[in-house]
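Try each task before you read its solution.

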Amino acid sequence: MKLDDWLSSLAYTEFPDELFRAGQRAGARSYAAEIEEMLAPDRGIGAAAVFCVGDQPTICFVDATTLKGDSAHRVEQIRQKIWNQNLASVVLVLDPAGLTAFSVSDRDAEPDILSPAEVNKRGNWSAFEVQSGFIRDRLTSWFSPEARVDQRLLANLRQVVKQLARDGLADNQAEALMAQVIFLCYLEQRGIVGDAYRKAHQLEVLEAYVTRHDGLGIDRLLKQLGDDFNGDFLRSGGGGAPAWAKLPPRSFRSVLNFLEAVDFETGQGSFWRYDFSHIPVELISGIYETLLKDRQGRLGAYYTPRHLANLVTEQAFESFADPSKCTVYDGACGSGILLTTAFRKMLRHAEVNRGKRLRFAERVQLMQAAVFGNDIDETACWITAFSLYLSLLEGLDQTDISLLQTDASLKLPKLIGPGLNIQKGEMVGDFFSSKNPFAGKQRFDIFLCNPPWRESDDDETPRWEAWCGEQTPPYPIGRRQIAAGFAYRATSSVKPNGVIALIMPLNMVIGATPQSVGFRQRWLEEVHIERIINFGDVRRLLFAAAKHPCAIMTARPRDPDAALISLADEKVEYWTPKTDISLALGRLALHAVDRKILTAREIYEKPYLLISSYWGERRDVNLLKRLSRMGTVGTTMYQREPAWISAKGFHAPNNSNKDRSLGLLSDFAFLDTDAFPTLYPVISGDAQLQQVSDIYSVVASPGGARTRLYQGPRVIFPDGLAEEYAVRSVYTDVPFAYTSSIGAIGGPEQDADLLKLLAVYLRSSLASYLLIMTGYSVIGERPRIALDDVEAFPFCAPDQCRP
């Protein structure tokens, strides 16, 4: 079978929009540059075809008849280059006698072989198997995220910075030093600094200097490149990287281990080294952001994964006919991954429009006119400049590369400083500073941002809260989450018909708490929310270390002079993507089945709507509405005489609160959460319990509404859920105390039977259904149940229920 026969027999030709052949242009679609790089005959891969799932290149086809020399060695080279590109997951080598499949991530996996006689349009290695995700079920180890280049490079970069810090460098010095290393690797491996340049200036490759611990040689290399390319970024000193000549020998060994892709934890080298001629610019930018993460985590700033950056950028530009004519602003630019992703998209459109690559000077002109950002962290701003420089140099014609090396007037542009694209520091880099030249000026087409996610501490008086309070009327700050402040100020940072695209904490976007509802309602009064994408189901795959999932929101500011807002007529797309093959292949995908259309009025008026609509349909929302007419647990509690109370147990000693004596708790028995019954809904008087004083000598707070809920009729339940989201509620009237991981609802003796009914009700499948439909934690965090969740459940006393 020939190449065309294979593609047809395996049904790939039935998807012409997803299949790209050698010599074919990919247009301005996502990952177009990477697709064309794989197909180019002179870029080291030389694929015969590339198949995409959604937007992402997934299968790389190699025509075995075109392989020269040692074919096994050549296939190994192709796999290594594709691994560095961090997109396609499989290499299919097509030979007239058979198909041989190789994993990209799992280097040691045995190839999977398919003969022509075994070919089936819905069988192994068909387009159907790849698109459906069945391929991952059959060959799970081939798609391990931990083996991808981004994860390996990310881990090693973290480790080398820690090692350099142990050698005596400050964190920002270690970060800047490794930025120099990556930039030099990029210049060398992309051919921007080649043999002719080194010979003309009597220089060597970086690794040669590092191997012999020649710091003076590296300093001379950096000075020469700084003179020829840009006078600011590459030079040592000035608060950035230290002089290499002052580094101890062990620092050179750490850098050499990084260049050789040695695992810092195991000490084992890698057969595949990092190849910056194929590692995409956004990936470098995104990974480098992890070097800021440990420090910026205190500010609520976190690494933005490449595929999330790509998706939110696509959403931001979706309504613009020509992205190359847009202006983009990021109010918390971090490493610059969003600005870099946006610029690459704009550059691609500009080149497609012209039918040729832009020259270096034209790229510089586009960048200076189109992308803007600021950040409080000065190191983050330098990394943004570094990322943008990489995107300027990517894919340059050889003519421009030669001019960069020889023309003294042609240099990388200055991007940071007064009147320039990037503003840094507390004074002008703060999004809420009155001296910020970009924020609140209504001058940009797009506000594209992953703002910090952080709630202010009790003793803080942050600038953003002061700004919210100064507006007319003041903006609600709820739980003091700074991301809300960014959303508010973004509305005045874009043009009247501009687009706001934000990566926000999910609980703020869809939560039913008064704080979340208050944010949504106020923002809906100022913007038309066009789309919400809820990533609750893929949170661990996007942000493995983060506690909270995210959502993308896109919106447009309202006309401030409009006399009337008709929320009932405004449609909001609500997307709830689920974990599937997309994340196994390292991408994010939106499927039509996960799309719902809601009205802005419904979102404004129904606190639980965005939670209920995650798994539920319109009929579920209507059922919840009908059930709520009966009353709720909360209203029942309030209407009883005397009223019921609810509270959590006591807080064990912790670092956040002062220790207190046991006081009344010393007289109580104690129920440990681990001893909570699971098979029956009652704790009776013969329960074997310890005393609180046997376990604790002090507590942080007594809890239990000052011990009232440690005795008398009550329903108690732990935060954690049993299988299938079952609530482990029990009734008891036995005196004992418990920790804050257990909640309780209690009432007078005459309501004991009604409390027993409540305990059984909470253990029912109906309660599990209600929790799935109304409980934020089931979607967004560790599945658990809170008192607020229970008090919102439909409920009434049997003699008071209305049909």
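**Exercise 1. Backbone at Tyr31**

Locate Tyr31 and state its phi.

Solution. Tyr31 lies in the loop between β1 (19-21) and α2 (32-39). Helices here are DSSP runs of H or I with at least four residues, strands are runs of E with at least two, and both are numbered from the N terminus. Next, read the angle: phi of Tyr31 is near 60 degrees. That is a positive value in a residue other than glycine.

Two notes on the source. This is a predicted model, where local features need pLDDT of at least 70, side-chain atom pairs count only at pLDDT 80 or more, and totals for chains, interfaces and linings use all residues. Residues are numbered from 1 along each chain as its sequence is written, and side-chain values use heavy atoms, with hydrogens and water left out.

**Exercise 2. Helices α28 and α33**

Describe how α28 packs on α33.

Solution. Helix α28 covers residues 618-628, and helix α33 covers 765-774. Their axes lie 11 Å apart, at an angle of about 115 degrees. Axes are lines fitted to C-alpha atoms, for helices over the stretch in contact, and angles run from 0 to 180 degrees between N-to-C directions. The angle therefore makes α28 roughly perpendicular to α33. (Under 35 degrees counts as roughly parallel, over 145 as roughly antiparallel, 65 to 115 as roughly perpendicular, the rest as oblique.)

Then list the contacts, meaning heavy atoms within 4.5 Å. From α28 come Asp620, Leu623, Leu624 and Leu627; they meet Tyr769, Leu770, Met773 and Thr774 of α33. By class, this contact of α28 with α33 has 6 nonpolar, 1 polar and 1 charged residues. (Ala, Val, Leu, Ile, Met, Phe, Trp, Tyr, Cys and Pro count as nonpolar; Asp, Glu, Lys and Arg as charged; the others, Gly among them, as polar.)

**Exercise 3. Helices α6 and α7**

What is the crossing angle of α6 and α7, and which residues make the contact?

Solution. The axes of α6 (residues 149-166) and α7 (residues 171-189) come within 9 Å and cross at roughly 130 degrees. So α6 is oblique to α7. On the α6 side, the contact uses Leu157, Val160, Val161, Leu164 and Ala165. On the α7 side, Asp171, Ala174, Leu177, Met178 and Ile182 take part. Sort them by class: the contact of α6 with α7 has 9 nonpolar, no polar and 1 charged residues.

**Exercise 4. Charges over rings**

Which rings lie under the charged ends of Arg122 and Arg489?

Solution. Apply the rule: NZ of Lys or CZ of Arg must be within 6 Å of the ring centre and within 35 degrees of the ring normal. The charged end of Arg122 sits over the ring of Phe128, 4.0 Å from its centre. For Arg489, the ring is that of Phe431, with the charged end 5.9 Å from its centre.
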